[in-house]
Amino acid sequence: MQFNKVIGQTQLKKAFIQQINADRMPHAQLFLGASGSGSLAVARAFAQYVLCTNRQANDACGQCRACSKAGKLVHPDLHFSFPTVGSKVTSDTFLPQWRETLLSNPYMNYNQWLNAIGAENKQGNINKDECVNIIKKMSLKAFESPYKILIIWLPELLGKEGNRLLKLIEEPPENTLFILVAENQELILNTILSRCQLTKIHPLNDDEIVNGLMQQAQVSSDMAQKVAHLSNGDFGEALSLSQHQESENAELFLDWMRKCYIGKPNELVAWVEAFAKLGRERQKYFLRYALHFMREYMLLKLTGNANVRLLDKELATAQNLTKVIEFNQIETITSLLNDVTYYVERNANAKVLFLDTSIRLNKILKKKVIV
Ligand SMILES: [Zn+2]
């Protein structure tokens, strides 16, 4: 991962390049940034620049053996620790999945990672065996580079096992760099936090997301603008949204509303069963889309102006719905969709949740419930 592949974060990249060129890297750093801000991508670019044997003024060369290996996540002096599930496993157990998932999506989030290792509804952690493994690995001499680097992704999930690493982080072997990549400062052990130099990674702005989508994912300008608006500075989310065609969401949403309105139990059950199979990430995108849709729908209803942030196909959906959903029902539906999003994020059973939601929507649409 070269710095030029990291979306946005211009000032930060400059500062890191200067720091590395001056050989003033702190031996333990914590990159703190919300999911999708690119903190893991920044950490990888930082590591590759350190390892590159033909550093350019503004970036790693991308060509040398070290760059090639770091780029493929196979450099013997670049180590990764990350959450896993199960006992008697370490991060190394999941290295093939780690490489495959991260290489195909450098902005992957925690849930996508859990999906990739088939652990969708379990909580991952960085366990005792992994801590022992870290201590063992980091005590070895570097193989090919002057430096040995360990990137720990989501040290929040170390739990109290993190205390095993304190001595190592405080008095690391020579030429060892630790980069911890975290999302939530409050969940990190204070004893670890106090031993690391903290760098905050800011969420991306809409323009950075638009440029990133157009340059790295060949997304059209129109789609990139809409998706950027939906993704709250999270590039990973923007990427997923651009891949799940909006029109697909629009059709799914209209179909759901139609079935909720008619209220035939067998149709609702069939819709819910198919929807439950989509997986949590996809369901979350759908709900986010649905909330965005309701906001724009309200504008359309309020102003009658078709100049809302909806693609042509979505606009047609919205115009169809104006016959079905009244203004006073929009708020009730939006509040219900917000609640559902909350439960999906907390792993509620999708079938039960969406069947219940469908029945509630039926009551709202039939105006049986005004609250
Ligand atoms: Zn290089």
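How are α9 and α11 oriented to each other? I kept that question in mind while looking around.

**Ground rules.** I am working with a predicted model, where local features need pLDDT of at least 70, side-chain atom pairs count only at pLDDT 80 or more, and totals for chains, interfaces and linings use all residues. Residue numbers start from 1 along each chain as its sequence is written.

**Whole chain.** I found 17 helices and five strands in the protein chain; these are DSSP runs numbered from the N terminus, helices being H or I of at least four residues and strands E of at least two. Along the principal axes, the C-alpha atoms fill a box of roughly 70 × 45 × 30 Å. Of the 371 residues, 39% count as buried (20 or more other C-beta atoms within 10 Å of the residue's own, with C-beta atoms placed from the backbone).

**Helix α2.** I looked up residues 39-51 next, and 13 of the 13 residues of α2 are buried.

α9 (residues 206-217) and α11 (residues 235-243) pack at an angle of about 55°, with axes 10 Å apart (axes are lines fitted to C-alpha atoms over the stretch in contact, and angles run from 0 to 180 degrees between N-to-C directions). The two helices are therefore oblique to each other (angles under 35 degrees are roughly parallel, over 145 roughly antiparallel, 65 to 115 roughly perpendicular, the rest oblique).

Terms used. Buried ≥ 20, exposed ≤ 12 C-beta atoms within 10 Å, placed from the backbone.
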